[in-house]
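Me: Hi, I'm new to this one and would like a walk through it. Could you take my questions as they come?

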Amino acid sequence: MNPTTRSLADSEKSSSYRLDGNIIVSKQIETELDVLCITYTETFEFLAAGLTDGTIQLYKANTGEKAKSLRDTEIIQNPGSVTAVKHRPVRKTHPITNTLIATYVNGCIKCWHYPSSQCLYTIREKRQTLGLAYHPNLPKFVTVGDDTNVCLYDEETKIQERVFHASETLDAIDGHKSRVFAACFNPKSAHEIITGGWDDTVMFWDTRQPYALRHISGVHMCGDGLDISQNGKDILTCAWQRKDPIQLWDYGSGKLITSLDPDNLSSMLYCGNYISNLFIACGGTDANLFRIVDLRSHSTLAMVKNLSEGVYNMALGPIDTKYAKRTKQPEAHLPKLAFCSGTTIFEIKIQLN
């Protein structure tokens, strides 16, 4: 079956969702396998989806048409789910590399040159590798996994520069004690990282120190639900927990700023990001939904709910500049957003009346 063609059963299943607010589904793509992670490529030409069999499937962002499959002999012979896929952050000083870096549950880290469908290099970790984060300004990235360690790599040399972990001091809380799923560099620092996982802590690291310098307690992370505001001052946690799943924290002190309760429909969250300085987006399970939250009113701006599957990952797309120029309302300046729910990829955008 062509992945972009839905069967009648798939159509009925995926059409059961409901939209709240000024939001439209601009694209809906059906895949053959569950999608665990997604990203747009650097120039927004493609949407890349990491599947449960280790394939990274690329779709044309403007049409949703299936374009390329990224999978080499190693993945075919030893398949493992793609746990994260990212591109280097776009900056004026960064050349467009046309590459994606992906992590796999079998411990592989692969860099793909997607125009040629070639794997440029592979790094193999002796663990389940569960997440990945790029430095916003430097050619470096970190990976996290089931062994509690946070590994820092130089992208240009492919060398593991440092491994961050807990010390052997029994009463110290200076590193993770269980699986780590989320990581984020502070955009205003060359050296600072935060991470979160199953041990209900968010750890603060400095790349010049092996152990965490401080921590936040009471946040249960199961996915890519950790983000830092562009000014480097606030932390967003989107946690897989019934009580206070959406929280904002002060980066400098680690103190709680607020717990957001944006509407009467709660969800245990896997993913979340700042999408501007005024809005965040998040998605999860039980209830299966994706929502955009207005940080000014602490209320839901728009929501996709009644999804047949949970939301495990999301990606920020391009801003419709022609539409944004017609109004000064900040909602019109939000980017398109993509998220994955089971075998479906949704692309959504805010459409003001």
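Me: Which strands form an open sheet, and in what order?
Reply: Four strands do, in the order S3-S4-S5-S6, and the pairing is antiparallel. The edge strands are S3 (35–40) and S6 (66–70), each pairing on one side only. From one strand to the next, the twist averages 20°. Before we go on: this is a predicted model, where local features need pLDDT of at least 70, side-chain atom pairs count only at pLDDT 80 or more, and totals for chains, interfaces and linings use all residues. Residues are numbered from 1 along each chain as its sequence is written, and side-chain values use heavy atoms, with hydrogens and water left out.

Me: What do you mean by a strand, and by pairing?
Reply: Helices (H or I, at least four residues) and strands (E, at least two) are DSSP runs, numbered from the N terminus. Two strands pair if DSSP finds at least two bridges between them.

Me: How many bridges join S5 to S6?
Reply: Four bridges join S5 (residues 56–60) to S6, and the two run antiparallel. Ile56 has Leu70 in S6 as its bridge partner.

Me: New topic: is S8 buried or exposed?
Reply: Six of the six residues of S8 (residues 99–104) are buried, so the strand is largely enclosed by the rest of the structure. Buried means under 20% relative accessible area, exposed over 50%, and partly exposed in between (1.4 Å probe, protein chains only).

Me: Which way do the residues of S8 point?
Reply: Thr99, Ile101 and Thr103 point one way, while Leu100, Ala102 and Tyr104 point the other way, and all are buried. In a regular strand the side chains alternate between the two faces of the sheet.

Me: What does S8 pair with?
Reply: On the one hand, four bridges join S7 (residues 82–86) to S8, running antiparallel, with Val82 opposite Tyr104. On the other, five bridges join S8 to S9 (residues 108–113), also antiparallel, and there Thr103 has Ile109 as its bridge partner. The hairpin of S8 and S9 has three residues between the strands, and Gly107 takes a positive phi near 100° in it.

Me: Which residues touch the most other members in the largest nonpolar core?
Reply: Of its 21 residues, those are Ile275, Phe290, Ile292, Met314, Leu337, Phe339 and Ile348. A nonpolar core is a set of buried Ala, Val, Leu, Ile, Met, Phe, Trp, Tyr and Cys residues joined through side-chain atoms within 4.5 Å. The largest share of this core, three residues, comes from S29.

Me: And what is Phe339 in contact with?
Reply: Leaving aside neighbours within four places in sequence, its contacts (heavy atoms within 4.5 Å) include Ile38, Phe290, Met314 and Ile348.

Me: Last one: how many disulfides are there?
Reply: The count comes to zero, where a disulfide is a pair of cysteine sulfur atoms within 2.5 Å. For Cys238, the nearest cysteine sulfur, that of Cys282, is 4.7 Å away. Cys238 counts as buried because its relative accessibility is 1%. For Cys271, the nearest is that of Cys340, 7.2 Å away.

Note on methods. Axes fitted to C-alpha atoms, helices over the stretch in contact; angles between N-to-C directions.
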